[in-house]
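Here is a brief report on a structural model.

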Amino acid sequence: MNPELGVCYYPEHWSEEMWATDAARMVETGLSWVRIGEFAWSRIEPTPDDLHFDWLDRAIEVLGTAGLKVVLGTPTATPPRWMLEKHPDMLAVDAQGQLRKFGSRRHYCFSHQGYIAECTRIVRIMGERYGRNPLVAAWQIDNEYGCHDTTVSYSQPALRGFQRWLANQYGSVDALNEAWGNVFWSMEYASFDQIDLPNLTVTEPNPAHVLAFRRFSSDQVVAFNKAQVDVLRPLTNAPLLHNYMGRILDFDHFKVGADLDIATWDSYPIGFLSDRLEADEAHKKAFLQQGDPDMQAFHHDLYRAVGRGRWWVMEQQPGPVNWAPYNPAPLPGMVRLWSLEAVAHGAEVVSYFRWRQAPFAQEQMHAGLLTPNNKPAPALAEARQTADDLAKLGALTQTQADVAILFDYASDWAWAAQPQGVEFNYFRLVFSTYRALRRAGLSVDFISATGALQSGYKLILAPGLATLDGDLEHRLTEGCDLAILGPRTGAITRDFQIPISGRPGLSGLDCEVDLVESLPPNVQRKVEGGGAAQHWVDRLSGDAPDLLTFCDRTPALKGENGLWYLAGFPDEALWDRIVAMAAQKVDLPLHSMPDGLRRRETEQHFFLVNYTTAPVLWDGHKIAACDVTILRKDRHDQS
Amino acid sequence: MNPELGVCYYPEHWSEEMWATDAARMVETGLSWVRIGEFAWSRIEPTPDDLHFDWLDRAIEVLGTAGLKVVLGTPTATPPRWMLEKHPDMLAVDAQGQLRKFGSRRHYCFSHQGYIAECTRIVRIMGERYGRNPLVAAWQIDNEYGCHDTTVSYSQPALRGFQRWLANQYGSVDALNEAWGNVFWSMEYASFDQIDLPNLTVTEPNPAHVLAFRRFSSDQVVAFNKAQVDVLRPLTNAPLLHNYMGRILDFDHFKVGADLDIATWDSYPIGFLSDRLEADEAHKKAFLQQGDPDMQAFHHDLYRAVGRGRWWVMEQQPGPVNWAPYNPAPLPGMVRLWSLEAVAHGAEVVSYFRWRQAPFAQEQMHAGLLTPNNKPAPALAEARQTADDLAKLGALTQTQADVAILFDYASDWAWAAQPQGVEFNYFRLVFSTYRALRRAGLSVDFISATGALQSGYKLILAPGLATLDGDLEHRLTEGCDLAILGPRTGAITRDFQIPISGRPGLSGLDCEVDLVESLPPNVQRKVEGGGAAQHWVDRLSGDAPDLLTFCDRTPALKGENGLWYLAGFPDEALWDRIVAMAAQKVDLPLHSMPDGLRRRETEQHFFLVNYTTAPVLWDGHKIAACDVTILRKDRHDQS
Amino acid sequence: MNPELGVCYYPEHWSEEMWATDAARMVETGLSWVRIGEFAWSRIEPTPDDLHFDWLDRAIEVLGTAGLKVVLGTPTATPPRWMLEKHPDMLAVDAQGQLRKFGSRRHYCFSHQGYIAECTRIVRIMGERYGRNPLVAAWQIDNEYGCHDTTVSYSQPALRGFQRWLANQYGSVDALNEAWGNVFWSMEYASFDQIDLPNLTVTEPNPAHVLAFRRFSSDQVVAFNKAQVDVLRPLTNAPLLHNYMGRILDFDHFKVGADLDIATWDSYPIGFLSDRLEADEAHKKAFLQQGDPDMQAFHHDLYRAVGRGRWWVMEQQPGPVNWAPYNPAPLPGMVRLWSLEAVAHGAEVVSYFRWRQAPFAQEQMHAGLLTPNNKPAPALAEARQTADDLAKLGALTQTQADVAILFDYASDWAWAAQPQGVEFNYFRLVFSTYRALRRAGLSVDFISATGALQSGYKLILAPGLATLDGDLEHRLTEGCDLAILGPRTGAITRDFQIPISGRPGLSGLDCEVDLVESLPPNVQRKVEGGGAAQHWVDRLSGDAPDLLTFCDRTPALKGENGLWYLAGFPDEALWDRIVAMAAQKVDLPLHSMPDGLRRRETEQHFFLVNYTTAPVLWDGHKIAACDVTILRKDRHDQS
């Protein structure tokens with residue numbers, strides 16, 4: 001497969017005379033794809049049922065005939081103002097009970113059936129009009145589900161939907177009372193319609209109640225997306241996709257992805273570093289204008305799993321953005337670096353957001369490939385250079401990695417419902433795992449906790465997986481030579497109860513969690529021989545051998561039968577020891593990487609990606625600052 | 001009196017077959033008391049008037065016949081879901097105007113008369129059924145009043161209750177306007193029903209308004225409790241008690257306690273350290289798994305006063321809890337240490353919370369004496385050892401201390417209404433006083449600001465007491481050889497006005513506060529000869545001799561006629577100097593205690609309690625880490 | 001002009017017998033002015049239309065005949081409780097949708113026409129009664145507009161007013177959609193009544209929407225004030241004034257000031273240091289009991305511009321206040337220092353707040369010249385000494401400075417709508433500019449961005465001015481020899497769009513902003529030769545010569561034709577370099593001032609003001625700690 005480049009474009013923002021010039025300049029820049037339409041509902045249908053497709057017809061025609069493949073977005077993330085007059089109760093409600101008003105975007109509640117009907121209506125009209133248009137080569141459904149905390153809504157439609165969902169899940173309210181342990185604090189219900197949403201309670205609500213609501217809320221996103229898929233499938237053969245946002249975990253991307261053909265995501269490395277990453281000040285300063293060296297790769301690998309191999313970057317940051325606490329510019333070379341890194345992880349397309357910076361409205365401070373007054377922004381030349389690099393690189397094939405991380409969105413919801421330690425956070429734990437593997441130069445796959453058996457791995461890690469069962473144990477033991485679980489793995493049932501049969505509950509590993517502790521950030525539990533646990537400690541018993549022990553002689557790592565259980569949230573030193581021990585056991589070659597240099601293997605190449613501001617000499621190769629070195633496996637020269 | 005142990009148990013959480021085994025195992029562990037029933041309303045009355053006492057009859061029978069004394073709780077802290085259908089306006093409202101919904105506990109407003117009637121109804125039914133049952137040896141009313149900020153409610157019933165209360169207090173609205181100084185900012189009212197609750201005002205409300213509302217809110221708790229007391233008194237001879245929570249100051253415990261026979265409190269040393277104590281990071285780290293060395297003793301001594309000598313620990317932390325920001329496990333020995341320390345301060349009973357960790361609902365991460373799957377948790381053996389220690393110790397008698405602190409809940413409300421410096425806080429000031437006395441090895445009593453004269457003290461300290469009058473001056477001068485007042489003592493009238501007659505307003509001490517200052521945490525006012533004031537400084541004039549002066553020559557401590565006035569919030573060094581000066585004056589022997597070692601005297605013993613992780617050698621005795629050394633006065637061996 | 005002193009007094013707070021004594025004592029203290037009445041509505045009109053002016057007649061008589069000139073306040077900042085029964089919807093609503101209730105002050109929405117009618121009614125009655133009374137020498141309208149965040153209200157009257165205002169501004173909703181770029185995210189409106197207030201949106205609202213609402217909100221204050229002016233003008237010849245609060249930027253003071261005769265402001269140096277100033281801990285500690293050395297002067301100079309030369313300090317802090325996070329006392333000498341400094345900057349009157357500390361209500365902890373029990377507070381003697389100083393000083397004349405700062409309230413609203421970096425803030429940038437000029441010993445004028453051409457300056461600085469146009473460029477180039485713009489100057493149109501013609505858009509300067517960056521506080525962009533930019537960087541292109549460059553060779557300062565553009569938010573070192581370069585270019589003598597010593601020039605004098613706690617020797621003069629040295633230009637002795 002030969003990776004391609006693309007761009008996001010808003011013909012409705014510019015005078016029609018500019019379209020042809022823009023299209024030609026896109027092609028000149030080496031772009032192959034253009035995404036349009038996803039926020040244009042008010043131009044398509046300015047008043048109810050008054051449809052204006054002429055401009056969109058012409059835009060597709062102009063772009064397509066210039067040689068660009070069009071991704072057409074359904075406009076459902078931005079219902080026009082008149083929609084609220086038809087459906088006054090369609091707005092979401094936040095956890096404080098506040099209506100989330102019109103005036104920006106994503107102003108809808110996923111549970112509002114009237115709005116879903118409006119969405120399928122407009123999508124059907126668009127599908128009928130453009131579904132067989134050969135210039136429309138893919139469809140994007142909606143935009144960035146869950147962005148701006150929009151997955152969870154405390155509206156009346158959500159309440160009624162939740163009650164129906166519970167009735168469906170539990171059959172009887174007695175079964176629900178039993179499953180949730182509602183005898184505690186006399187919280188028992190006599191009917192489903194007595195069950196409220198779990199916000200604004202006097203003290204914390206039952207975590208089982210919270211987790212059920214989070215599962216429901218995720219399912220509503222899945223159903224919302226599927227409603228549009230079901231309309232479009234008969235009307236087009238083009239692939240259907242969605243553009244996910246980074247570090248959004250509020251709905252199960254694997255479930256949404258199962259209904260789509262391609263997963264795409266929106267990659268804003270510098271915004272994420274400033275806004276969505278726990279890291280110390282020195283790290284944030286060192287990578288201020290490059291982004292964290294593992295954050296993009298993590299998402300690339302995760303979305304490759306969500307897309308079952310097919311994935312894109314739909315929005316690639318091209319310059320300063322508008323939405324982070326601080327918005328510095330990328331260093332020269334970084335836009336190309338990010339693009340090539342995505343390709344190394346298997347992106348079919350890298351699409352820049354956006355063609356020309358808008359001079360108006362919320363994102364006017366968000367850079368594009370062109371400035372508002374149509375001058376080249378720094379990223380334009382880097383995009384052109386990347387296109388040249390890709391042409392030179394040719395085909396590129398992904399292979400299964402030796403190592404995988406089992407990822408589970410529901411575990412994030414569970415731990416958020418009852419973190420037990422204020423810093424404990426599923427993403428943070430998994431990301432620390434991923435970082436450790438990358439420091440060892442490994443390529444990593446993600447696998448879904450709820451998917452089919454995936455075998456052939458030397459090593460699978462399943463940190464923090466809330467719920468384990470026999471099936472999952474089977475998938476782990478069949479899927480790899482060694483599975484590392486813990487900490488806090490298998491700690492609760494699906495209904496948020498501690499399993500009476502014991503935690504983590506593996507038949508092949510004689511190891512039980514007797515009590516758990518959360519620790520403040522200034523406290524560590526040292527491990528004999530080096531490294532420490534932080535934030536979280538599981539106290540273990542059982543006859544499985546101790547592979548590592550804490551300085552107080554309690555077990556830090558126990559293992560037997562290809563199953564290891566790790567008793568704490570490791571710091572970097574402990575992670576490095578554990579990865580080394582595991583590698584030795586399963587015969588996995590490691591490559592110790594310096595800070596900021598990362599390595600990714602494809603069938604044909606090794607990519608060496610240097611996120612630092614200085615050249616790095618590694619294994620005989622000199623990788624320039626903010627640059628990528630690509631080594632072909634068949635010959636030892638650099639591309 | 002021989003101290004005893006107990007445990008909190010929830011028969012409704014477990015299958016009935018387990019009850020007898022549990023009871024036998026409790027007795028084996030050396031426990032004498034078992035508390036049940038306080039959250040069981042939904043099982044006692046699943047739907048209105050449909051009473052199910054059979055299971056509770058059997059539970060009492062099984063536990064009682066096993067040899068345990070039962071404490072039966074009234075279930076009014078957790079009204080069932082159907083209660084809201086009968087009384088839709090019974091929920092409390094927070095300061096932001098948000099309804100505090102069903103789904104956890106304490107979801108009621110103390111001012112709702114309909115709910116109070118429901119409470120007295122169910123309590124009467126229970127009293128009639130169990131009041132003469134010899135197996136029921138005590139009654140607990142409700143649970144942890146004020147926990148989760150539930151004392152103060154901004155509901156409509158609270159508004160109407162407050163207006164009635166004001167009419168009752170002031171007689172006429174003109175009197176109220178005058179007392180509050182409502183001429184200021186044209187805040188005058190024409191009738192009581194114009195007076196709103198003091199929340200959501202444009203800028204701060206009149207502090208007199210706030211203080212009145214806080215007094216009212218406290219009175220509502222007193223009345224709520226008394227309504228149940230009035231029902232139970234004729235129906236039982238068993239003692240009535242309530243379990244207060246730590247560092248809850250929102251209602252006047254002395255007034256609630258006056259209607260009860262025994263004060264009990266819920267002691268969570270590690271949770272309190274993490275969640276409810278101002279201390280620097282080093283201190284919190286040093287005592288992370290032990291709790292603060294003075295926090296438990298402070299409450300023991302305070303609740304001994306609230307219970308007029310009779311008090312228990314109703315809930316003793318046995319392992320990690322679920323509700324603090326961080327929840328580490330107690331170090332080995334600490335559960336026993338806490339238990340013995342309580343006994344040293346006069347606890348009649350120390351009762352562990354809870355027997356077996358629940359696998360479900362909000363507190364599933366809260367350890368018990370047993371794990372959820374019925375294995376012994378670490379605390380079980382420590383409870384057993386404590387029972388043996390108590391058997392060996394025999395009778396133990398409390399004596400009046402030489403030193404007392406005057407404690408006044410209303411002062412906390414007053415200073416919270418207008419702290420003047422963001423760190424100024426009544427509890428913090430009083431706790432710093434208590435710590436200073438404990439560093440000097442003193443045993444301390446608390447006395448109520450509103451109680452009867454208590455005499456025979458060498459020294460009484462009355463820091464931060466908002467309001468002083470002639471009666472209180474009389475009680476101080478008659479009660480002790482030396483009274484130390486200040487800072488911020490006698491600063492306002494009961495209606496939150498600065499007394500025109502001057503502050504602090506003592507006839508025996510020629511000393512007046514001319515102005516006050518609050519200071520940021522990085523600023524100190526040094527005292528000549530050592531130590532400093534922080535947070536707060538009263539600038540003093542008057543002819544009473546200066547006993548200490550600040551470096552700018554203004555008085556730091558003035559005194560005459562057995563009355564001293566302290567001009568600032570002392571740091572540790574200044575407190576130590578003042579305690580030493582006072583001790584010399586009233587001939588009080590001091591015992592300088594190292595950090596983390598504390599000393600408590602009873603009639604028969606000295607207890608030396610070591611909260612640190614290393615053995616301490618003190619006065620010829622070696623006290624092991626996390627251990628207690630008990631010295632009998634009649635012979636010099638250790639128990 | 002000979003500066004005078006005054007005081008704020010509340011006859012309604014004290015028994016009538018005290019008035020004459022108070023008045024005599026004011027005169028004895030050297031005070032000439034007394035402000036009364038501004039919070040007395042409930043005493044003037046206790047119930048609707050029941051007017052009680054007798055007491056106010058007597059108060060004016062007693063004060064006036066004692067020799068004091070009365071400033072009479074309109075009482076509209078504190079509507080009585082009955083007003084809410086007449087106008088239940090008059091309360092403001094905060095951004096969270098919460099009603100801002102009765103119980104303090106400023107409880108009205110500026111858009112409520114019914115309340116405005118009540119205000120003009122009571123003001124007409126007062127004007128008719130006292131407008132020709134010779135004892136009433138000035139009128140204050142309302143009190144501290146905007147204090148407690150009261151400019152912006154999200155009420156229904158505000159919504160309706162905003163929709164009318166928009167219709168008036170834009171004519172058609174299509175024009176508004178175009179001006180705001182509402183095509184973005186399908187935010188287009190079909191009618192003005194579809195436009196909501198810009199709060200509680202799902203993510204940030206359109207900044208054009210926010211800025212329009214901020215402009216509207218400011219205009220409502222202007223209209224509210226003008227309604228009272230229009231009533232009073234025909235009824236009195238006394239000057240009309242308002243007392244602004246420090247660092248309130250929510251409405252355009254220049255526009256309010258245009259309708260009044262004198263600008264006055266309320267100066268609380270120690271409260272501002274604690275509560276309203278970004279500064280490091282060391283600076284706040286060094287000036288804890290003195291206030292920031294530039295904060296008062298900044299406001300003096302700004303309000304001199306607002307008052308078109310005529311201005312007062314209406315409320316001068318005399319001791320600890322009640323409202324800051326920490327409230328220490330001023331050091332001895334500071335009250336006199338603040339008073340003399342105000343005079344140096346041109347204050348006609350310095351009036352202390354307040355005569356006697358109230359013993360009741362919200363401000364009972366706010367010091368006065370007297371204590372609540374009528375003893376002299378420390379400030380009384382300093383006021384007396386200041387009166388003597390002023391008598392000795394004689395007449396004092398202000399002259400136009402060589403340097404001016406262009407100040408624009410709307411720029412603050414614009415940057416607050418989209419700061420792009422969390423620390424970026426218009427006031428902070430302008431204040432850093434002002435500080436730099438003061439470190440160089442310069443006297444500074446402020447000029448309004450919207451006023452008439454003011455010429456004769458050597459240097460004008462226009463940092464952060466949101467919107468530039470040809471007219472403003474003309475005023476700058478005609479007004480001075482050198483104008484320094486940037487950073488972030490001319491960045492948006494009046495409708496919050498990036499100008500397609502380029503930023504900053506000056507015809508005389510070939511310099512364009514290509515992209516902007518915001519930086520976290522720990523990152524700086526160093527400038528060749530010393531100094532650095534922080535917080536904000538504009539990346540510049542264009543043919544104007546580079547006067548300074550960053551270490552990455554990009555321009556830091558470009559200039560030609562008497563116009564310089566500065567590319568970042570300078571640190572102190574960079575500011576000092578730029579000021580020195582500019583001074584050399586326009587032949588401006590500088591005087592390097594040590595930390596805490598400041599210099600102000602009048603026609604007759606140099607004032608040297610020492611805010612530090614140690615004497616300073618400067619240019620041959622020794623200025624004592626917390627003292628002012630006044631040098632006459634005609635002879636070189638000190639007053």
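## Residues, copies and domains

Ser218(B) sits in helix H8 of chain B, which spans residues 207-232. This is a predicted model. Ser218(B) has a relative accessibility of 1%, so Ser218(B) counts as buried; the cut-off for buried is under 20%. Leaving out residues up to four places away in sequence, Ser218(B) touches Asp250(B), Phe251(B), Asp252(B) and Trp413(B).

Next come the annotated positions. An unreviewed UniProt entry carries the annotation "binding site" for Arg105(A), Asn143(A) and Trp323(A). Two of these are described here.

Arg105(A) is in a chain A loop, between helix H4 (81-86) and helix H5 (113-130). Its contacts, beyond neighbours within four places in sequence, include Phe39(A), Ala77(A), Asn143(A) and Glu363(A).

Asn143(A) is in the chain A loop between strand E4 (136-140) and helix H6 (156-170). Not counting residues up to four places away in sequence, Asn143(A) touches Arg105(A) and Arg106(A), among others. Also among its contacts are His242(A), Asn243(A) and Glu315(A).

The accessibility values are listed here.

| Residue | Relative accessible area | Class |
|---|---|---|
| Arg105(A) | 8% | buried |
| Asn143(A) | 1% | buried |
| Ser218(B) | 1% | buried |

How are chain A and chain C related? A rotation of 120° superposes chain A on chain C, with 0.0 Å of shift along the axis and an RMSD of 0.0 Å. The two copies are therefore related as by a three-fold rotation axis.

Now the domains. Chain A is assigned domain 1 (4-151 + 219-393), domain 2 (403-586) and domain 3 (597-632). In chain A, the C-alpha centres of domain 1 and domain 3 are 29 Å apart. Contacts between these two domains of chain A involve 21 residues of domain 1 and 15 residues of domain 3.

The size of an interface is often given as the accessible area lost when the parts come together. For domain 1 and domain 3 of chain A, the buried area is about 1500 Å², with 63% of it on carbon and sulfur atoms. Leu337(A), Ala344(A) and Leu393(A) supply 37% of the area that domain 1 buries against domain 3, more than any other three residues.

Charged pairs also link these parts. The count between domain 1 and domain 3 of chain A is three salt bridges. Separately listed is a salt bridge between the side chains of Asp301(A) and Arg600(A), at 3.6 Å from N to O.

Note on methods: Residues numbered from 1 in each chain as written. Chains lettered and ligands numbered in written order. Predicted model: local features only at pLDDT ≥ 70, side-chain atom pairs only at ≥ 80, totals over all residues. Heavy atoms only, no water. Least-squares fit on C-alpha atoms with pLDDT ≥ 70 in both. UniProt positions renumbered as here; feature names shortened; annotations may be inferred. Helix = DSSP H or I, 4+ residues; strand = E, 2+ residues; numbered from the N terminus. Buried < 20%, exposed > 50% of the residue type's maximum accessible area, 1.4 Å probe, protein only. Contact = heavy atoms within 4.5 Å. Domains from an automatic or database assignment. Buried area = accessible area lost by both parts, 1.4 Å probe. Salt bridge = Lys/Arg side-chain N within 4 Å of Asp/Glu carboxyl O.
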